[in-house]
Amino acid sequence: MIRRLSVAAVVTLLVLAGLTWLNSGSDSSHTLTATFSRTTSLYEGANVKVLGVKVGRVESITVKGTAVEVVMSYDKDVELPAGVHALIVPPSIVGDRFVQLAPVYTEGEILPDNAELGLDRTGVPLELDDTYRGLDKVAAALGPQGANENGALSRLIAATAASLDGNGALLNDTLREFA
């Protein structure tokens, strides 16, 4: 009797171990590959989010010519619309970024597993260096070799200052009422 119970217990444990092993091999996530123009401060393991809620992670980042391929996994129960876009989001000026998938699925065709998004469906944030370059271009365009070449900008600023001289309180009241 003890021998039969022992054999039954061993067989039951083996069956349970086999089922656990089979289930651990099943994939519980979908894969999405997106091509970005750049991936500054995005790393493997970064979060993938929908509406700010974590649904997956970045699995790999690979440079492909002049672009960067990012492979992501996301929860199998998350449905994404076929027209989804992937955006790299900086939570602050300094720090790791995450991938935001948008828009959220409401109805219609669902994005299939192993889908690929091209550059036309991805976006990257404006970098601080890009902002500085843009401001430098504006300053140069308004400078002595640009819009102010004949002193037109200087005359405009002087005329505006003369018109507003002594009218600061009135301008303040006007803007406050306007708002």
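A surface patch here is a set of residues with over 30% relative accessible area and no salt bridge, with like charges joined within 9 Å and nonpolar side chains (Val, Leu, Ile, Met, Phe, Trp, Tyr) joined within 5 Å. A salt bridge is a side-chain nitrogen of Lys or Arg within 4 Å of a carboxyl oxygen of Asp or Glu, and accessible areas come from the Shrake-Rupley method with a 1.4 Å probe, with only the protein chains shown counting as cover for residues.

In this predicted model, local features need pLDDT of at least 70 and side-chain atom pairs count only at pLDDT 80 or more, while totals for chains, interfaces and linings use all residues. Residues are numbered from 1 along each chain as its sequence is written, and side-chain values use heavy atoms, leaving out hydrogens and water.

Leu128, Tyr132 and Leu135 make a nonpolar patch of about 330 Å². Leu135 sits in helix 2 (residues 128-142) and is exposed, at 54% relative accessible area (exposed means over 50%, buried under 20%, partly exposed in between).

## The sheet

Helices (H or I, at least four residues) and strands (E, at least two) are DSSP runs, numbered from the N terminus. Eight strands form an open, mixed sheet in the order 7-1-4-3-2-6-5-8. Its edges are strand 7 (115-117) and strand 8 (122-123), each pairing on one side only.

Strands pair if DSSP finds at least two bridges between them. Strand 1 (residues 29-36) runs parallel to strand 7 over three bridges, and Ala34 has Leu117 of strand 7 as its bridge partner.

Notes
Buried < 20%, exposed > 50% of the residue type's maximum accessible area, 1.4 Å probe, protein only.
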